[in-house]
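Okay everyone, thanks for coming.

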Amino acid sequence: MPAAMATAMRSRVIVAVRALLAGAVVAGIPAAYVRAQAPEGAGSGPATNAPPAFPRGPQAVREFLGLGPPPDPAAAKRGAPIYSANCAFCHGPLARGAEGPSLIYSELVLKDAHGAVMAEFLKSGRPEKGMPGFSTLSDEQRKDIAEFLHQQVEDVANRGTYEIKNIVLGNPNKGARYVAAHCLGCHSITGDLKGLGAKWRPADLQRNWIMPPRTGARAITATVRDSHRTQEGRVQQIDDFRIALEDKSGQTVIVERSADVVVELHDPLAPHVAMIGNVADPDMINVTAYLETLK
């Protein structure tokens with residue numbers, strides 16, 4: 001995928017996600033409720049079942065972002081001191097920009113492969129724009145500079161190589177006391193919490209005990225009453241002017257809101273939504289450490 005096309009695609013995705021989150025807040029539903037619109041089974045699931053939401057692994061990320069072939073680590077290492085001596089004063093020590101622009105987003109860098117374009121460009125430079133040429137460097141040295149720059153791009157787009165380290169760092173005993181005080185009114189150690197530590201990876205475990213995925217049984221539902229009838233269903237959209245429900249038959253029902261329309265929302269995850277803004281970091285890691293012991 002060409003770099004320009006990949007950039008445009010990423011921009012559209014970012015705008016769409018921001019609009020979705022903003023729309024949820026404007027509509028009167030907290031951002032955490034956006035998950036209510038997910039289809040059955042959406043969201044994070046057990047490690048054995050959850051489909052990846054984004055490309056996984058370095059190569060998949062490179063293909064998604066249109067970055068071309070991976071850099072040669074040995075050449076990038078050779079290129080580091082050459083870049084530092086000739087380029088860092090202008091473009092910064094890691095090519096993020098200084099007196100001159102950042103090279104991480106340079107079209108010239110992004111369309112280069114192993115110095116095929118950059119080596120020739122660096123030989124002559126762009127004197128009319130204040131970019132000197134480096135004709136005294138060998139072709140191999142200029143290619144090594146190119147590989148160093150590609151390595152910097154790789155480091156910025158490192159989500160494919162990011163590894164979640166061990167997050168089970170809390171005190172299980174303190175976590176058990178928190179669960180007993182705050183969670184056992186709805187949950188049971190011998191019921192839905194049994195075996196939880198074996199079901200989820202630690203990172204998923206922590207994310208999902210704080211805010212479980214909104215499967216069908218956890219969807220936000222509503223009872224809507226007016227002077228003529230009562231309607232119930234899963235909330236699809238709600239704002240100050242109307243509410244859209246999916247009824248038992250799967251049909252969408254839209255009710256215009258007025259003074260005589262009463263809306264009662266039913267959220268099975270309301271305690272979790274309230275907890276998100278209040279749970280302290282130590283409690284969070286302690287509970288995760290405790291739940292991890294429930295094998």
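**Contacts, a sheet and one glutamine**

So, let's start with contacts in the protein between residues at least 6 apart in sequence: 61% of those join residues at least 24 apart. Keep in mind that what you're looking at is a predicted model.

Now the overall picture. We've got twelve helices and five strands here. The protein has 295 residues, and 38% of them are buried. As for the accessible surface, that comes to about 17,500 Å², with 58% of it belonging to carbon and sulfur atoms.

Let's turn to the strands. In general, strands of a sheet pair through backbone hydrogen bonds, and they can be parallel or antiparallel. In what order do the five strands of the open sheet here come? It goes β4-β3-β2-β1-β5, and the pairing is antiparallel. At the edges you'll find β4, residues 252–256, and β5, residues 262–266, each of which pairs on one side only. Going from one strand to the next, the twist averages 40°.

Zoom in on β2, which covers residues 230–238, and β3, which covers 242–246. These two run antiparallel, and four bridges join them.

Last stop: Gln 231, which sits in strand β2. Is Gln 231 buried or exposed? Its relative accessible area is 14%, and buried means under 20%, so Gln 231 counts as buried. And what does Gln 231 touch, leaving out residues up to four places away in sequence? The list is Ala 222, Thr 223, Val 224, Leu 245, Val 253 and Val 255.

Note on methods:
Residues are numbered from 1 along each chain as its sequence is written. This is a predicted model: local features need pLDDT of at least 70, side-chain atom pairs count only at pLDDT 80 or more; totals for chains, interfaces and linings use all residues. Side-chain values use heavy atoms; hydrogens and water are left out. Two strands pair if DSSP finds at least two bridges between them. Axes are lines fitted to C-alpha atoms, for helices over the stretch in contact, and angles run from 0 to 180 degrees between N-to-C directions. Buried means under 20% relative accessible area, exposed over 50%, partly exposed in between (1.4 Å probe, protein chains only). Contact means heavy atoms within 4.5 Å. Accessible areas come from the Shrake-Rupley method with a 1.4 Å probe; for residues, only the protein chains shown count as cover.
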